[in-house]
Amino acid sequence: MPAPTPPRPAGPSPRIEPVPPDTWQEIARTLPLTVPGPADAPLNVFTVLARHPELFRTWVGFAGTLLLTGLLPARARELAILRTAHRSACAYEWAHHVPLARAAGLSEEAIASLDSPALDGHWDGEDLLVLRATDEIHDLGELTDRTWDALRRLYDDRQLIELVILVGQYRMLAATLRTLRIPLED
């Protein structure tokens, strides 16, 4: 069963045009990672955010640290990101992180169940706890003591900080992608 994709907004044009192709090599030098896609075309998120070069360089380093050298297990990271993408209705994040979730060991069935409001029926253990934490951050803007105490048994201080910042970073990115109407690559 293929993973569901949040609905793609139809029609509206991007609010900010990407930088021109003659600047793409500069963008590629800024990136701390190799991004899948056409060899000569960076992702749309990068070509639009590069309109603000100072902020772009800082954000790419920050986001790259969370994605590439973070301390959370890859499975927990991708669960939190995909749940955030779903909760934020961000098709762009969803599309780019489903392959990463698969690589982290999530099945198609598990990925498809991330759009369910009742997580308890599909998940247990560490997975359920990460998803519950993600939902609490979305719904409450913080974690309940119960969830915090349960996470504390699994993760050290650095991982706990990272989990909260990871969800916040992807909520911020979802709002940016949706507000600027950055289109998903073909």
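This is a predicted model: local features need pLDDT of at least 70, side-chain atom pairs count only at pLDDT 80 or more; totals for chains, interfaces and linings use all residues.
The expected span of a helix is 1.5 Å times one less than its number of residues. Helices (H or I, at least four residues) and strands (E, at least two) are DSSP runs, numbered from the N terminus.

Residues are numbered from 1 along each chain as its sequence is written, and side-chain values use heavy atoms, with hydrogens and water left out.

## Overall fold

The chain has 9 helices and 0 strands. Along the sequence the pattern reads α-α-α-α-α-α-α-α-α. Of its 186 residues, 44% count as buried. Buried means under 20% relative accessible area, exposed over 50%, and partly exposed in between (1.4 Å probe, protein chains only).

Contact means heavy atoms within 4.5 Å. Among contacts between residues at least 6 apart in sequence, 70% join residues at least 24 apart. The accessible surface of the chain comes to about 10,100 Å². Carbon and sulfur atoms hold 56% of that surface. These areas come from the Shrake-Rupley method with a 1.4 Å probe; for residues, only the protein chains shown count as cover.

## The core

A nonpolar core is a set of buried Ala, Val, Leu, Ile, Met, Phe, Trp, Tyr and Cys residues joined through side-chain atoms within 4.5 Å. The largest one has 54 residues, and V45, F56, W59 and W123 touch the most other members. At least two residues of this core come from each of α2 (44-49), α3 (53-68), α4 (74-87), α5 (91-103), α6 (108-112), α7 (125-140), α8 (145-154) and α9 (157-180). Helix α9 gives the most, with 9 residues.

What does W59 touch, not counting residues up to four places away in sequence? Its partners are V45, F46, L49, G64, Q169, M172 and L173.

## Helices α4 and α7

Helix α4 is largely enclosed by the rest of the structure, because 10 of its 14 residues are buried. Those residues are A76, R77, E78, L79, A80, I81, L82, R83, T84 and A85. Their cover includes α3, α5, α6, α7 and α9. Just after α4, A89 takes a positive phi of about 50 degrees.

Helix α7 has 16 residues and reaches 22 Å from its first C-alpha to its last, close to the 22 Å expected at 1.5 Å a residue. Its buried residues are D127, L128, L129, V130, L131, A133, T134, D135, E136, I137 and H138. Among the elements that cover them are α4, α8 and α9. Next comes G141, which has a positive phi near 75 degrees.

## Positive phi and partly exposed residues

A89 is not a glycine, despite its positive phi. A89 sits in the loop between α4 and α5. R181 also has a positive phi, near 55 degrees, in a residue other than glycine. R181 belongs to the segment after α9.

| Residue | Relative accessible area |
|---|---|
| A89 | 32% |
| R181 | 31% |
| I165 | 36% |
| E26 | 43% |
| H96 | 25% |

I165 lies in helix α9. With F62 and I161, I165 forms a nonpolar patch on the surface, and together they have about 260 Å² of accessible area. Patches are made of residues with over 30% relative accessible area and no salt bridge: like charges are joined within 9 Å, nonpolar side chains (Val, Leu, Ile, Met, Phe, Trp, Tyr) within 5 Å. A salt bridge is a side-chain nitrogen of Lys or Arg within 4 Å of a carboxyl oxygen of Asp or Glu.

E26 is found in helix α1 (residues 24-30).

H96 is placed in helix α5. H96 and L43 are 53 residues apart in sequence, and their C-alpha atoms are 10.0 Å apart in space. Not counting residues up to four places away in sequence, H96 touches L43, L184 and E185.
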